[in-house]
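Here's a quick briefing for anyone meeting this structure for the first time. Have a look at the chain below, then read on.

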Amino acid sequence: MNKQFFKIPLTMYELELPKRAIMLYGILYGNANKLGYAYGSNKYYAKLLNCSVRTISNCIKILNHHKLITITNPKSFRRKIFKKSKCTICMRKVLWKKLQ
């Protein structure tokens with residue numbers, strides 16, 4: 001992946017997520033393209049986004065809460081972060097608008 005650009009679905013902006021969470025999703029999306037999942041540590045992502053490890057932890061919790069990512073072995077150093085497909089995100093957006 002070209003390290004100069006993030007690939008972020010437009011529907012994420014309508015979820016009113018913090019900007020760092022959106023940027024983290026873009027990085028996770030790029031890392032997940034190679035193996036199907038991202039596996040970097042919070043320290044690695046904090047260094048990339050120039051923020052604290054705690055901020056990364058909070059962003060991951062937010063992304064997981066909105067079901068934009070899924071995590072296997074969340075407390076392990078062998079965790080895997082899987083991205084959700086664009087269709088899932090689009091369907092969540094449509095369902096969310098119908099509920100309001």
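Let's start inside helix α3, where Ile 56, Cys 59, Ile 60 and Leu 63 are buried (buried is under 20% relative accessible area, exposed is over 50% and partly exposed lies in between, with a 1.4 Å probe and protein chains only). These residues cover an arc of only 100° around the axis, so they sit on the same side of α3; the arc is taken from the directions from the helix axis to the C-beta atoms. Bear in mind that this is a predicted model, in which local features need pLDDT of at least 70 and side-chain atom pairs count only at pLDDT 80 or more, while totals for chains, interfaces and linings use all residues. Residues are numbered from 1 along each chain as its sequence is written, and side-chain values use heavy atoms, with hydrogens and water left out.

**The overall layout**
- The protein has four helices and two strands; helices (H or I, at least four residues) and strands (E, at least two) are DSSP runs, numbered from the N terminus.
- Reading from the N terminus, the elements go α-α-α-β-β-α.
- The protein has 100 residues, and 31% of them count as buried.
- Take the contacts (heavy atoms within 4.5 Å) between residues at least 6 apart in sequence: 49% of them join residues at least 24 apart.
- The accessible surface is about 7200 Å², with 57% of it belonging to carbon and sulfur atoms; such areas come from the Shrake-Rupley method with a 1.4 Å probe, and for residues only the protein chains shown count as cover.

**More on helix α3**
- Turned away from the buried side of α3 is a face with the exposed residues Arg 54, Lys 61 and His 65.
- The cover over the buried residues of α3 includes α1, α2, β1 (69-72) and β2 (80-83).
- Just past the end of α3, Lys 67 has a positive phi of about 60°.

**Helix α2**
- Asn 42, Tyr 45, Ala 46 and Leu 49 are the buried residues named in α2, which covers residues 42-49. They take up an arc of only 105° around the axis, so they share one side of α2.
- An α-helix has 3.6 residues a turn, so residues three or four places apart point the same way.
- Lys 43 and Lys 47 are exposed on the other side of α2.
- The buried residues of α2 pack against α1 (19-35) and α3 (53-65).

**The nonpolar core**
- The largest nonpolar core has 21 residues, and Leu 24, Leu 28, Ile 56 and Leu 63 touch the most other members. A nonpolar core is a set of buried Ala, Val, Leu, Ile, Met, Phe, Trp, Tyr and Cys residues joined through side-chain atoms within 4.5 Å.
- Helix α1 gives this core its largest share, seven residues.
- Leaving out residues up to four places away in sequence, Ile 56 touches Leu 24, Asn 42, Tyr 45, Ala 46, Leu 49 and Cys 51.

**The cysteines**
- How many disulfides does the structure hold? It holds zero, a disulfide being a pair of cysteine sulfur atoms within 2.5 Å.
- Cys 59 counts as buried because its relative accessibility is 5%.
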